[in-house]
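Biologist: Before we use any labels for this protein, could we go through them slowly and set each one against its rule?

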Amino acid sequence: MTQPTGRGKMAARLRGLVWASRPLLPVVQTWDLHARRWVRALRRSPVRVVSPSGQVVERKPGPGKQPPRAAAETGPHEPQRKPSLQVPPSQKPCTWEDSGLRYDKALPGDRRLSSVMTIVKSRPFREKHGKILLEGRRLIADALKAGAVPKVFFFSRLEYLKELPIDKLKGVSLIKVKFEDIKDWSDLVTPQGIMGIFAKPDHVKMTYPETQLRHLLPLLLICDNLRDPGNLGTILRSAAGAGCSKVLLTKGCVDAWEPKVLRAAMGAHFQVPIVNNLDWETLPDYLPTDTRVYVADNCGLYAQAHMSNKASDHGWVCDQQLSKLHKYEEEEEDLEPGASKAWLPEVEVQSYDLDWTEAPAAVVIGGETHGVSLESLQLAESTGGKRLLIPVVPGVDSLNSAMAASILLFEGKRQLRVRAEHVSRDRSYH
């Protein structure tokens, strides 16, 4: 037998190494394959369960899974359809990002911006187009809650817009502007960064707060010749606080929707019904049945003629400085000695703290400059009302219109509360 050569020995050694390493590979592969199969088996859920008695129970596939037959019917290259996710009504998008609302950025020379100043400055424009301007997040939120219809919002930061109800912003033009522009338009010392153009509210279609409706009183307010925006705004705020059922404004008053009035009223426009720009011929149609009209105005010569000396001695007469501004007094002085004065309304004068709320009452507040009109005294006479006087120290000028209105309205509220307590006490006795 021949001895292997050096090359033969080397080949034999290599074959031995190969055969020695081969058994290791199947072992590793077999272990890995069995492990994967076990893991896959743990993830599976049974399709049928067979009990020892032979009964077969079908198992429904989990959510989002197809049964085996349905999976087999699907082609190998056809992608499986994902189940549609239906959002219940309670989980509908409620954030700004989910609502799909969009806004525009104003460019220099945008004509929409000029409409803001037109509405602010022009009362004829507001009345012709039926638009008003509201400024500030709180006032805008009160308007939206009461059912006012917005048309355009100008804002400087998106956060201001996100504070408003999303459902109220659908269909509204949203325009982002620079804060400097809002600062130029605003009359506020510290602008709040958001302004809105609304359709002029109709008191019939408005939704007033439930707490306000529960505290309404048979008490109305009639504003006559009120031309100061600050006074009117303060009076509207007092009317809402006292629980007035309605506020009527005659022609000659300042526009109730002027920005200065809105600012002074602090949201009262959306708490008490306001009827604007009425004629004296149509005003009685807005009064409840059996309403008595009471007039509060600067006392003049006509009032003093009907006041007792005792009342005058105690200062229950206003200063006479503004008496010459009353038309009916001027014409009375111009009459000749033998002329008849029967056309002057005969309205009795009484102190404001005497009972005058036994029937539904309407209080007329006149302006400080022009006073009340002759028509208000005629209406008071025809309804059986009186002229209410607030005592002041002799020599002191008449009270501010807003102050006088507040005193009379809350006095009426006090009288109604006392009367309700007496009625309740009488019922308990019986």
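Predicted model: local features only at pLDDT ≥ 70, side-chain atom pairs only at ≥ 80, totals over all residues.

Biologist: What makes arginine 123 and glutamate 127 a salt bridge?

Modeller: The rule asks for a side-chain nitrogen of Lys or Arg within 4 Å of a carboxyl oxygen of Asp or Glu. For arginine 123 and glutamate 127 the N to O distance is 2.8 Å, and therefore the pair meets the rule. Side chains of opposite charge can pair when their charged atoms come close.

Biologist: Why are arginine 123 and glutamate 127 said to be about one helical turn apart?

Modeller: Both belong to helix α6, which covers residues 123-129, and because they are 4 residues apart in that helix, about one helical turn separates them.

Biologist: How do you know whether arginine 123 is buried, partly exposed or exposed?

Modeller: Buried means under 20% relative accessible area and exposed means over 50%, with partly exposed in between. Arginine 123 has a value of 24%, so it is partly exposed, and glutamate 127, with 37%, is partly exposed as well.

Biologist: What makes arginine 126 and aspartate 255 a salt bridge?

Modeller: Their closest N and O atoms are 3.0 Å apart, which lies within the 4 Å cut-off, so the label applies. This pair links distant parts of the chain, since arginine 126 is in helix α6 while aspartate 255 is in the loop between β9 and α12, 129 residues away. Both arginine 126 and aspartate 255 are buried.

Biologist: Why is glutamate 163 called exposed, and what is its partner in a salt bridge?

Modeller: Glutamate 163 has a relative accessibility of 52%, and because the label exposed needs over 50%, it qualifies. Its partner is arginine 137, with an N to O distance of 3.1 Å. Arginine 137 lies in helix α7 and glutamate 163 in the loop between α8 and β6, so the pair ties together parts that are 26 residues apart in sequence. Arginine 137, at 27%, counts as partly exposed.

Biologist: Turning to rings, how many aromatic pairs does a search of the whole structure find?

Modeller: The search finds 5 aromatic pairs, and one of them joins phenylalanine 153 and phenylalanine 198.

Biologist: What makes phenylalanine 154 and tryptophan 185 an edge-to-face pair?

Modeller: Their ring centres are 5.7 Å apart and their planes stand at 75°, so the pair passes the cut-offs of 6.5 Å and 60 degrees. Because phenylalanine 154 lies in strand β5 and tryptophan 185 in helix α9, the pair ties together parts that are 31 residues apart in sequence.

Biologist: How do you know whether tryptophan 185 is buried or exposed?

Modeller: Its relative accessibility is 11%, which is under 20%, so tryptophan 185 counts as buried. Phenylalanine 154 is buried too, with a relative accessible area of 0%.

Notes. Residues numbered from 1 in each chain as written. Heavy atoms only, no water. Helix = DSSP H or I, 4+ residues; strand = E, 2+ residues; numbered from the N terminus. Buried < 20%, exposed > 50% of the residue type's maximum accessible area, 1.4 Å probe, protein only. Phe/Tyr/Trp six-rings, centres within 6.5 Å; stacked < 30°, edge-to-face > 60°.
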